[in-house]
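Trainee: Could you take me through the sheet in this model, close up? I'd also like to hear about whatever else stands out around it.

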Amino acid sequence: MSVNAHQRPGLAGSDGSGAAPAPEKRLTIQDELLAARTELARRVAYQEDFREGVFQMLKELDKSELELDAASRMLKETRDQLVQSSKMTALGELAAGLAHELNQPLTVIKGLSTCLLRSSGPSHPDNEKLQLIADASDKMELIIKHLGVFSRSESAQTVPVDLAKIINNALVMVREMLAESGIEVVTELKTLPFVQGSPNRLEQVIINLVTNAKDAMDRGGRITISAAPMISRGRKAVRLSIRDTGCGISKEHQDRIFDPFFTTKAAGKGTGLGLSISYGIIQEHSGEIAVESSPGGTTFHITLPVASEPDPPRGR
């Protein structure tokens, strides 16, 4: 007996007999695969974000460490400045007291020598010696006077001042020190208009620069101080130049010489504050300070504005 083809068992259906999966099952596998890929991409992105976040934290940590180091250095510099300021204050008080104590016996010496000169007359055998005592007393009196003025605390208020007189007063304080070091001082001062400034502070700048020049000349040399009127930025001004014949300042150091506590001197030879203080004082005076240097010497140029008021009578 024959059997029809559509009646044969196992040729169709979902019983694993070789027929294709149902469409619903195929879609479910694709959805799961897509979801797995999406999850993998999400996790990869998360890892990238996490890694970037870690890198950013490390950068910020490095930056914070650098800022902390800078703050620590600034704190140390501020502390050193306070210590140096207190030393300068104590030194000023000591100088003022010393000037007062020396002035009393000096008055006696000067008075007696003057009296003896008048009573003895030019023909007396000791007249020359008495004259030396009198001249030395006058010189000492001038030094003590300027020592007292220089050590006195002064406000930043400025007045019209004679720059040539300030230069000469500053040289009174340092001329003997320069002579002992074998250093010649030459002044080239033309007729100058008065400048607007603080006499004591400007004198301090000149002393700082002259002392700095002396330290640059171990075997003696020459310091030339010149000043002349000029026009700076469309305004009348005076340029003061202090030139030495020392060893010069290297190019890599010239950009830093006005930084606080920067010094090329050996330990114990300087604080690194002289040029920084001078720079600040000139800035307070609405002026400018610049440096030119070579192995043959260094020149500091200071430009100060001319006083707007009429020039007062010049002192002798």
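**The sheet and its surroundings**

Mentor: Five strands make an open sheet in the order β2-β4-β5-β7-β6, and the pairing is mixed. Strands here are DSSP runs of E with at least two residues, helices are runs of H or I with at least four, and both are numbered from the N terminus; two strands pair if DSSP finds at least two bridges between them. The edges belong to β2 (183-189) and β6 (288-294): each has a single partner strand, so one side of each has no neighbour in the sheet. On average, neighbouring strands are turned by 15 degrees against each other, direction ignored, using lines fitted to C-alpha atoms as axes, with angles from 0 to 180 degrees between N-to-C directions.

Before going on, a caveat: this is a predicted model, where local features need pLDDT of at least 70, side-chain atom pairs count only at pLDDT 80 or more, and totals for chains, interfaces and linings use all residues. Residues are numbered from 1 along each chain as its sequence is written, and side-chain values use heavy atoms, leaving out hydrogens and water.

Now look at helix α4 (residues 199-215), which has 17 residues. Its buried residues (under 20% relative accessible area, 1.4 Å probe, protein chains only) include Leu 202, Val 205, Ile 206 and Leu 209. Lastly, Leu 58 sits in helix α1 (residues 23-120), and Leu 58 is partly exposed at 44% relative accessible area, between the buried cut-off and the exposed one of over 50%.

Terms used
The expected span of a helix is 1.5 Å times one less than its number of residues.
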